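Thanks for coming. I will go through one structure today, a few places at a time, and give the cut-offs as I go.

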Amino acid sequence: MSIQEYIVETKNLVKHYNKGEVKAVNGLDLKVKRGEIYAFIGANGAGKTTALDMISGVLYPTSGTIIVDGLEIPRERKRMAHMIGVAPQDVSVYSDLTVKENIMFFADLYRLEKAQSNSRMKELLGVLKLEEKENELVRNLSGGMKRRVSIACALIHDPKLLLFDEATVGVDPVLRQWFWKYFKELSKKGTTLIITSHVMDEAEKADRIGLIRAGVLIEEGTPAELKEKYRVQTIEEVFLKLAGDEFINE
Amino acid sequence: MSDIDFTNFSSSRMLTVSKRVLRQITRDRRTFGMIIFMPLLIMLVFGIALSGEIKNIAIVVENQDTDTSEAAGIVIKNALDSDTRVSLKEGTYSSAINEIEDGKLSAAILIPADFTTNLQQKAAGGPDVTLEIRIYIDGTDPLIRANIMAALQDALSDALGDQGVQFDETLAHDGAEQSGLDVAIPAVMGFVLTFLVLLLSSLTMVRERIGGTQYRLYTTPLNKMELLSGYVLALTFFGFIEVVSILTISVFLFGATVAGNFTLLMLAAFMYAIVHVLLAVFLSNFAENELQAMQMVPIIALPSMALSGMLVPVDSLPVVAQNISNFVPLTYGIRLFEGIMLKGFDLGNLWLDFLKLGVFLLVFFVLSVLTVKDHNES
Ligand SMILES: Nc1ncnc2c1ncn2[C@@H]1O[C@H](COP(=O)(O)OP(=O)(O)O)[C@@H](O)[C@H]1O
Ligand SMILES: [Mg+2]
């Protein structure tokens, strides 16, 4: 199998809800390169979550194709499962388990060796600043901490493709900087990250940005390319030019 | 896409799910308390309410009609003596009254000295003779009262055939203790198992689904069968705990006798629990929240109770209801529990009921497998 340039490739991807009444994703052509950090940006309701859920195989498309690392999704999604790490928009960890038990549960689902998952967990608890919370029940943690636990669960098996849906919502700005530093490190090691956000300054740090509106990609490029094309100083201004009305509506 | 993958089945992933569910259930104090105390509570309530057969009700019979050895009073007293519903105690009518008020006796019966004489006069067509027996009885428990009266009626018709005997019946205040729970225990066991296993299983399943965590599981290598078996295994484990606690309560607290094989009884109860775990797993698909899941339990359990022979023997039900009772698992549960505990049946007598329970198990298993999800549907 030849190594494709793109780890994720969707063609004319469509997802309609309520028998076509809601066109959540409406002909999306997405190409994400290996090892890049791709920021998938759009207003609430633009279709980011729907698109990401189809890529992770959780949601079946109405039409269109998805190829992830040469695998046809959703048909071959269980073969893809070990190589993706997903942090859903709604923090989905078990609140009546401790931080450690949550992480170890996912480690066991990926059938990692005990020693391996233990050292990996220690590393992640450090990166995500959760060392002191290891034995705390998740229910007793703040929203931002829960999100960090969720991210740890997505990273435990060292996947090569990360799908983070609004991963940094509710995480304080200082920690967010720290996260992005870690994301960059992962990317340098060859991990691909797709991070959705409706917060624009997140995008500035990404390798490439895709702007989605009403289920279609309306603009794409590196932060520098986009700023140059629209002759502005910040990515924020790019968005304001393209979809300002929608963001104001929030 | 709905293909069920048996080939890549990983029992380690299945056990990972089971372990987590078990841990979560034991950590939830309310639920865990329910598992431990509900059997006791329900067994107590239902056990007492349903104590079916009445035995050995303590009464005193004072017979003054002893002129000849064939005197009617003697025949009546002997007939009562051999009736298992009542147990004759020493004492006189007047001394017994205090004991009835103290709750130590349920009734006192006085057969007057002229009973035989009056009887003979009446048989000879004598005018206006009343045949009278005095009874002082505890009327607070209708069931006990009815049983005493029935025993007396039987004794009278044994002794005299159908002759108009008048009872001078006086009611006492205090209730008497009941006995004879054993007969009710198999049915109550079946009901408690139905109720608790359905409740715990459907609550757990709905919590899994509404927490948003199941969605994330879909992105992991965990497949449908592993997920389903993981749940079923964990819930069955709790079903097993319920079985053990219910049997322990029945045998050690209520002194239930197990005439048949204890292992066979465990097996029957265990199988019965699995049937309801699977039923709950299937039904939880139709519940959107914990409240709906909880509401489903009485919807299943109460009709089961009515149709399974728990309240009224199946044979006494209307024909339509009898036919429906064939499709109620509790019917077979009760038959198995009663058969083993009361009648001392073994597999030779019970294989058909085991088989039918097995059919339910298979059907609910297939329904669960067909409805288990591994992706979001909409
Ligand atoms: N299960 C669903 N049923 C019906 N409509 C849905 C469903 N999920 C999402 N939608 C709709 O699809 C659109 C896209 O939603 P979503 O993908 O969540 O957007 P985003 O993640 O960008 O905020 C919205 O209009 C949303 O209301
Ligand atoms: Mg979203």
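B:Glu132 is partly exposed, because its relative accessible area is 32%. For these classes, buried means under 20% relative accessible area, exposed means over 50%, and partly exposed is in between, with a 1.4 Å probe and protein chains only. B:Glu132 sits in strand 4 of chain B, residues 131-138. Helices (H or I, at least four residues) and strands (E, at least two) are DSSP runs, numbered from the N terminus. From B:Glu132 to B:Val243 there are 111 residues in sequence and 53 Å in space, C-alpha to C-alpha.

Some conventions before I continue. This is a predicted model, in which local features need pLDDT of at least 70 and side-chain atom pairs count only at pLDDT 80 or more, while totals for chains, interfaces and linings use all residues. Residues are numbered from 1 along each chain as its sequence is written, chains are lettered from A and ligands numbered from 1 in the order in which they are written, and side-chain values use heavy atoms, with hydrogens and water left out.

Now chain B as a whole. Chain B has 14 helices and 5 strands. Of its 378 residues, 50% are buried. Contact means heavy atoms within 4.5 Å. Among the contacts in chain B with a separation of 6 or more, 81% are between residues 24 or more positions apart. Chain B is divided into domain 1, residues 57-175, and domain 2, residues 180-371; such bounds come from an automatic or database domain assignment. The centres of these two domains of chain B, taken over C-alpha atoms, are separated by 47 Å.

Is B:Ser18 buried or exposed? B:Ser18 counts as buried, because its relative accessibility is 5%. B:Ser18 lies in helix 1 of chain B, residues 11-27. Leaving aside neighbours within four places in sequence, B:Ser18 is in contact with B:Ser229, B:Gly230, B:Leu233 and B:Ala234.

The other serine is B:Ser368, in helix 14 of chain B, residues 347-371. B:Ser368 has a relative accessibility of 1% and therefore counts as buried. Not counting residues up to four places away in sequence, B:Ser368 touches B:Leu228, B:Leu278, B:Val281 and B:Phe282. Between B:Ser368 and B:Gly73 there are 295 residues in sequence and 67 Å in space, C-alpha to C-alpha.

Two packed helices are described by the angle between their axes and the distance between the axes. At what angle do helix 3 and helix 5 of chain B pack? Helix 3 (residues 72-81) and helix 5 (residues 115-123) of chain B pack at about 110°, with their axes 7 Å apart. Axes are lines fitted to C-alpha atoms, for helices over the stretch in contact, and angles run from 0 to 180 degrees between N-to-C directions. Helix 3 and helix 5 of chain B are therefore roughly perpendicular to each other; the range for that is 65 to 115 degrees, with under 35 roughly parallel, over 145 roughly antiparallel and the rest oblique. On the helix 3 side of chain B, B:Ala72, B:Gly73 and B:Ile76 meet B:Phe115, B:Thr116 and B:Leu119 of helix 5. The residues of this contact divide into 4 nonpolar, 2 polar and no charged. Here Ala, Val, Leu, Ile, Met, Phe, Trp, Tyr, Cys and Pro count as nonpolar, Asp, Glu, Lys and Arg as charged, and the others, Gly among them, as polar.

On to chain A and its backbone. Most residues other than glycine have a negative phi, and most peptide bonds are trans. A:Asn12, in strand 1 of chain A, has a positive phi near 50°. A:Asn12 counts as partly exposed, because its relative accessibility is 49%. A:Lys19 also has a positive phi, about 55°, and is found in the loop between strand 1 and strand 2 of chain A. A:Lys19 counts as exposed, because its relative accessibility is 89%. A cis peptide bond joins A:Ile73 and A:Pro74, with omega about 10°. A:Pro74 lies in the loop between strand 5 and helix 2 of chain A.

Last, A:Lys227, which is in helix 7 of chain A, residues 223-229. A:Lys227 is partly exposed, because its relative accessible area is 21%. The C-alpha atoms of A:Lys227 and A:Glu237 are separated by 8.2 Å, at 10 residues apart along the chain.
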